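Biologist: Could you walk me through reading a structure like this one? I would like the general idea for each feature, then the case at hand.

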Protein chains: 2
Amino acid sequence: MKPTIKDIAAESGVSIATVSRVLSHKTGTYSEKTQAKILAVAKRLGYRKNSTAVELVKKKAAVIALIINATPTNFSTQIIDGIQRRASELGQGVIILYAGNRNAELQHQAIVTALERAVSGILLAAIEPDTEDLTLLKESHVPFCFVSVYLGTDKVLSVSSDNEKLAATTTDYLLDRGHTHIGLAGVDTYHTGSQRIIGYRRALAAHGIQETTIKYGDYSYESGRQLLAEFLPLKVTAIIAASDMVAAGLLNAAQEAGIAVPEQLSLISIDGTDICRITTPALTSLTQDFYQIGAQSVDRVMGEKAATFVPVKLVARGSVKRL
Amino acid sequence: MKPTIKDIAAESGVSIATVSRVLSHKTGTYSEKTQAKILAVAKRLGYRKNSTAVELVKKKAAVIALIINATPTNFSTQIIDGIQRRASELGQGVIILYAGNRNAELQHQAIVTALERAVSGILLAAIEPDTEDLTLLKESHVPFCFVSVYLGTDKVLSVSSDNEKLAATTTDYLLDRGHTHIGLAGVDTYHTGSQRIIGYRRALAAHGIQETTIKYGDYSYESGRQLLAEFLPLKVTAIIAASDMVAAGLLNAAQEAGIAVPEQLSLISIDGTDICRITTPALTSLTQDFYQIGAQSVDRVMGEKAATFVPVKLVARGSVKRL
DNA sequence: GCACGTTACGTAAACGTTTACAATGCCTAT
DNA sequence: ATAGGCATTGTAAACGTTTACGTAACGTGC
């Protein structure tokens with residue numbers, strides 16, 4: 001059997017309370033002599049603490065649950081990385097629960113699982129909650145925070161890029177370079193997509209342009225490929241892609257159709273992952289700081305100070321032409 | 001306070017034992033009438049089971065720990081997806097622990113954390129264990145399985161592609177198309193890399209070619225970019241890249257150097273993720289089935305029947321030229 | 001010599017379940 | 001009527017910790 005503090009206590013002739021105090025570093029409550037003795041015995045027996053028991057008595061697990069949507073995009077690694085790193089600095093483990101792809105049932109189930117474990121916080125990445133989810137979360141009294149999704153209110157914790165501003169910045173970038181027929185490709189019909197549409201419209205309107213060209217999608221490569229055909233008859237000179245994958249899809253479809261990028265069509269992509277460097281030409285992007293989004297969301301959910309919006313930056317590569 | 005079975009028992013006038021039996025579906029041990037009563041009360045109180053308590057008394061958590069190396073590659077999503085899906089079919093949760101990038105200390109720590117939680121199995125993805133890790137794992141008596149790494153022995157559970165065969169197949173593919181000066185780029189110096197080198201040498205030797213051109217790397221895009229320069233003076237006509245990212249790096253470096261792919265240099269990449277479709281030209285690849293590798297590793301570690309080697313396939317795209 | 005504080009440690013309850021065992025009531029076969 | 005069996009429920013211990021509280025020993029200052 002695995003040794004417990006009971007075994008250590010017996011072996012070293014003290015009570016389990018003392019063993020516990022030494023092992024959990026309640027400094028000032030034990031002598032150096034007993035500490036040394038207990039530590040030696042613990043090491044000899046190969047003792048390893050039972051986190052489950054600790055969590056039961058403390059009624060809190062030192063664990064953050066990350067519920068993540070399996071969107072066909074690829075920034076999750078960076079977000080997870082940021083979350084993991086920051087969490088471990090705060091002494092928290094991370095447990096990841098997949099919620100499928102926009103699957104209400106799985107999503108709900110994931111939240112329940114997190115709640116059953118008495119986690120110290122719940123992070124929801126790329127998740128659009130329904131009202132049922134939201135009530136469940138609120139009633140649980142476990143802190144939760146949306147990651148890379150802004151629900152449009154400050155009543156619910158979240159950390160993301162400012163989608164409205166980001167879309168406006170991207171649109172302005174193209175306007176500055178002389179484009180006036182600008183498409184928006186692959187946005188979703190939820191919060192993120194709507195916010196980007198607002199920013200996009202606002203930037204155009206500020207230049208006196210009322211005409212907008214919006215095509216919805218699901219952030220995937222396939223989505224981008226298919227969407228190109230829909231833009232062609234509309235005579236846009238530039239397209240803003242809702243993700244790197246969408247941009248890559250548009251780009252490849254354009255190449256197959258014999259349309260030169262950026263000579264005949266400019267492309268700019270929202271995300272800015274490694275994908276942008278890999279394509280030919282490399283994709284100019286509105287780069288989000290996913291690592292920071294992840295890291296800050298941990299701070300947020302643990303009650304530390306953290307921003308709701310994480311700064312983005314525009315990285316010029318080779319896919320936009322000045323008209 | 002969150003309601004417990006005690007509250008339900010009080011409310012419905014039965015003992016906690018009965019409540020527990022109903023709630024954990026010990027069919028045949030309770031009447032339909034009490035079942036209905038208890039279920040109703042549980043629902044009304046908004047009862048949610050405390051997994052921690054269950055795990056403590058059962059001495060086992062229905063959770064698989066996945067320890068994963070933050071390699072600068074991008075197949076992890078697929079592996080995680082496969083693991084998550086299969087695990088949840090078997091009623092297991094998944095907790096992911098990052099082990100940094102070839103960081104012995106973090107790696108060790110991750111194993112200890114998994115052990116502290118009495119998980120039902122430990123999966124180690126893209127991890128090269130040191131002897132200390134291995135003893136720790138063996139002595140714990142918790143089943144563990146390496147994922148996408150084959151230690152060269154069947155004494156340790158693992159699920160991966162057959163690297164030796166895979167490299168031979170890839171090399172043969174190039175040989176068949178008339179290439180005789182073939183490079184191997186970006187392999188590591190551990191098990192995976194060594195196995196691929198063996199397969200590569202074997203295939204060449206079978207064609208009477210003794211000359212080999214091997215450059216080591218870390219599977220990253222940057223690694224690929226840098227390596228191209230080292231291959232140029234060696235007059236290879238084709239390069240096998242150890243990962244899609246390495247291939248993309250080689251490709252872009254080649255394009256910058258004015259070397260046409262595949263006309264002047266053929267490229268074939270080991271992995272076959274979405275990256276291959278995104279580049280121009282698209283990368284011909286030896287495609288690994290990462291989803292299956294993940295799924296099977298769950299079966300393996302849970303004692304179900306599962307293969308050690310998961311089949312691969314060669315997918316021709318546009319980066320290899322017949323000489 | 002006494003009151004008091006401090007240090008070091010032990011006792012025992014608590015966390016929320018599961019489950020072995022015992023107990024009860026009822027039915028059936030004799 | 002009685003023994004045995006079954007269905008249903010209850011009692012209580014156990015899982016491995018933490019921690020409030022109590023206590024003993026030992027100064028220290030008066």
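This is a predicted model: local features need pLDDT of at least 70, side-chain atom pairs count only at pLDDT 80 or more; totals for chains, interfaces and linings use all residues.

Biologist: Let's begin with the interface. How many residues does the contact take from chain B and from chain A?

Modeller: The size of an interface is often given as the accessible area lost when the parts come together. Here chain B and chain A bury about 3,700 Å² between them, and 54% of that is on carbon and sulfur atoms. As for residues, the contact takes 37 from chain B and 37 from chain A. On the chain B side, B:Tyr98, B:Glu116 and B:Ile278 supply 19% of the area buried against chain A, more than any other three residues.

Biologist: How many salt bridges and polar contacts cross the interface of chain B and chain A?

Modeller: The rule finds 4 salt bridges there, along with 12 residue pairs in polar contact. Several elements of chain B give two or more residues to the side that touches chain A, including α5 (76-89), β2 (93-98) and α6 (104-116). The largest share, 5 residues, comes from α4(B). By residue class, that side of chain B divides into 17 nonpolar, 9 polar and 11 charged.

Biologist: Which residues make salt bridges between the chains?

Modeller: Side chains of opposite charge can pair when their charged atoms come close. One case is A:Glu222 with B:Arg277, at 3.0 Å from N to O. Another is B:Glu222 with A:Arg277, also listed at 3.0 Å, N to O. B:Glu222 lies in helix α10 of chain B and A:Arg277 in helix α12 (residues 275-278) of chain A, so this pair joins two chains. B:Glu222 is partly exposed at 34% relative accessible area, and A:Arg277 is partly exposed at 30%.

Biologist: And within a chain, what does A:Asp299 pair with?

Modeller: A:Asp299 forms a salt bridge with A:Arg86, with the closest N and O atoms 2.8 Å apart. A:Asp299 lies in helix α13 (residues 290-301) of chain A and A:Arg86 in helix α5 of chain A, so the pair ties together parts 213 residues apart in sequence. For a local case, look at A:Asp81 and A:Arg85, whose side chains meet at 3.0 Å, N to O. Both lie in helix α5 (residues 76-89) of chain A, 4 residues apart, about one turn of the helix.

Biologist: Is A:Asp81 buried or exposed?

Modeller: Buried means under 20% relative accessible area, so A:Asp81, at 17%, is buried.

Biologist: Now a strand. Which strands pair with β6(B)?

Modeller: β6(B) pairs in the parallel sense with β8 (residues 238-241) of chain B over 4 bridges, and with β7 (residues 213-216) of chain B, in the parallel sense, over 4 bridges. Strand β6 (residues 182-187) is mostly covered, with 6 of its 6 residues buried.

Biologist: To finish, where do B:Thr273 and A:Leu124 sit?

Modeller: B:Thr273 is in the loop between β9 (266-271) and α12 of chain B, and is buried at 4%. Among the residues it contacts beyond its sequence neighbours are B:Asn74 and B:Phe290. A:Leu124 is found in strand β3 (residues 121-125) of chain A and is buried at 1% relative accessibility. The C-alpha atoms of A:Leu124 and A:Phe144 are separated by 7.5 Å.

Definitions and conventions:
Residues are numbered from 1 along each chain as its sequence is written. Chains are lettered from A and ligands numbered from 1 in the order in which they are written. Side-chain values use heavy atoms; hydrogens and water are left out. Contact means heavy atoms within 4.5 Å. Buried area is the accessible area (1.4 Å probe) that two parts lose on being put together, summed over both. A polar contact is a pair of N or O atoms within 3.5 Å; within protein, one must be able to donate a hydrogen and the other to accept it, and residues adjacent in sequence count only if both atoms are side-chain atoms. Ala, Val, Leu, Ile, Met, Phe, Trp, Tyr, Cys and Pro count as nonpolar, Asp, Glu, Lys and Arg as charged, and the others, Gly among them, as polar. Buried means under 20% relative accessible area, exposed over 50%, partly exposed in between (1.4 Å probe, protein chains only). Two strands pair if DSSP finds at least two bridges between them. Lists of a residue's contacts leave out its neighbours within four places in sequence.
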